[in-house]
Amino acid sequence: MGKRRYELARPGLAADPGLAERVATGTLPLLVARPELERRAALAQLTAGPTVELPAERVAVWQGDAFQLADRLPDGSVDLILTDPPWGGAALDVWPRLGQLAARVLAPAGVAIVYVGHLHLPVALGGLAAGGLDWWWAATIAFHGAHPAVRARRVRTRWRPVAILRQPGSRSETPWFVDLFVTDPKPEKRFHAWGQSLGSARSLIERFSLPRQLVFDPFTGAGTFGVAAIETGRRFLGIERDPPTAEIARSRIARALAEWEEPADAG
Ligand SMILES: C[S@@+](CC[C@H](N)C(=O)[O-])C[C@H]1O[C@@H](n2cnc3c(N)ncnc32)[C@H](O)[C@@H]1O
C-alpha cells in the first residue's frame, strides 16, 4: 500500500524525499502533498537569483505590526487602502483599529476596500465605520469556478464580500463601478494560505485609484495586492508582521517590478 502511494507520488515528489517518505508511509495524503510541493517549487523559484532592492520611492514592505508602523505615515497620504486583514478569533479588534487608521491616513478623496469573510460581516462593518469613514458599498468578488466550504454554516460559497468606505465628503469623486469582480481561474495559495486572487485585486485598484497613486495594504501577507499595484502602475506600501512572509512579499513585488513596463504615454 505504502509502495503504491509512493509510486503515485514519485513524479512530483522526487525533489523532496522527506515528503515522499511521508506520503509512502501514509502520514501525509497525496492530495495534501501535491499542493505543498507546488508551493515549495514556487518559493524556490521566487527566491532563486540575486536579491533585488525595492526602489523606496516606488514601493516598500515594512516588517512589523501594522498599527505601530503605520504611525510613520503622514495624515492624508494614502490614496487607496486595499487590504485583507486576519478575520475573527483574537484579531476581533482589528476592525475598529483599521477603521481609525484608514480615516487618518486616507487622502480626502481616498477609498478603503477591505476583504471580509461572511461570518465576520456584522462585527467588521460596525468596527470599520467607527473610525469616521463613510460606508459606501459592499462589492462581490466572485470565485471563478471554486466553491470553498464554510463548514460552520454548511455553505459552499461562490463569493466574498468586500467593504468599501470613503472619506466623508468625497461623494463627487466616486467613480462609477460595477460591483462584481471575478477571481482568477485557479486560487493562488502557493505563497500564502490565505492568498487572494491577483486579477480581481488589479481590477479593484484600476477602478478606485489612478496611476502613480499610493496603494497601502497594512496586512500584506505574501504581497498579492503589492504585485497588483505594481502591475497597474501604482506605488505601494505594505506592512506584514511575519518576517518570512514579508520577505516573500518583497520577492514577489521585486519580480513584478522587473517585469513591469512604464506605459508609453507616461510623463
Ligand atoms: C489574510 S492574510 C493576507 C493575505 C494577502 N492578501 C495575500 O494575498 O497574500 C493577513 C496577513 O496579515 C498579517 N498580520 C496579522 N496581524 C498583523 C498586524 N497586526 N500587523 C501586520 N500584519 C499582520 C498576517 O501575518 C497575514 O500574513
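Residues are numbered from 1 along each chain as its sequence is written. Because the model is predicted, local features need pLDDT of at least 70 and side-chain atom pairs count only at pLDDT 80 or more, while totals for chains, interfaces and linings use all residues.

The domain assignment, whose bounds come from an automatic or database source, gives domain 1 (2–47) and domain 2 (59–259). The centres of domain 1 and domain 2, taken over C-alpha atoms, are separated by 33 Å. Seven residues from domain 1 and seven residues from domain 2 take part in the contact, where two residues are in contact if their C-beta atoms, placed from the backbone, lie within 7 Å.

When residues up to four places away in sequence are not counted, Ile113 touches Ile81, Leu82, Val162, Ile164, Leu204 and Phe208.

Strand β10 (residues 235–240) is mostly covered, with six of its six residues buried; helices (H or I, at least four residues) and strands (E, at least two) are DSSP runs, numbered from the N terminus. On one side of β10 lie Arg235, Leu237 and Ile239, and on the other Phe236, Gly238 and Glu240, so that both faces are covered. Two strands pair if DSSP finds at least two bridges between them. Strand β1 (residues 59–63) runs parallel to β10 and is joined to it by five bridges, with Val59 opposite Phe236. Strand β9 (residues 214–217) also runs parallel to β10, through four bridges, and Leu214 stands opposite Arg235.

Two residues other than glycine have a positive phi. Arg154, in the loop between β5 (149–150) and β6 (155–156), has a phi of about 55 degrees, and this residue counts as exposed because it has 7 C-beta neighbours inside 10 Å. Arg212, in the loop between α7 (198–208) and β9, has a phi near 75 degrees, and Arg212 is exposed, with 12 other C-beta atoms within 10 Å.

Methods. A residue is buried if 20 or more other C-beta atoms lie within 10 Å of its own, exposed if 12 or fewer, and partly exposed in between; C-beta atoms are placed from the backbone.
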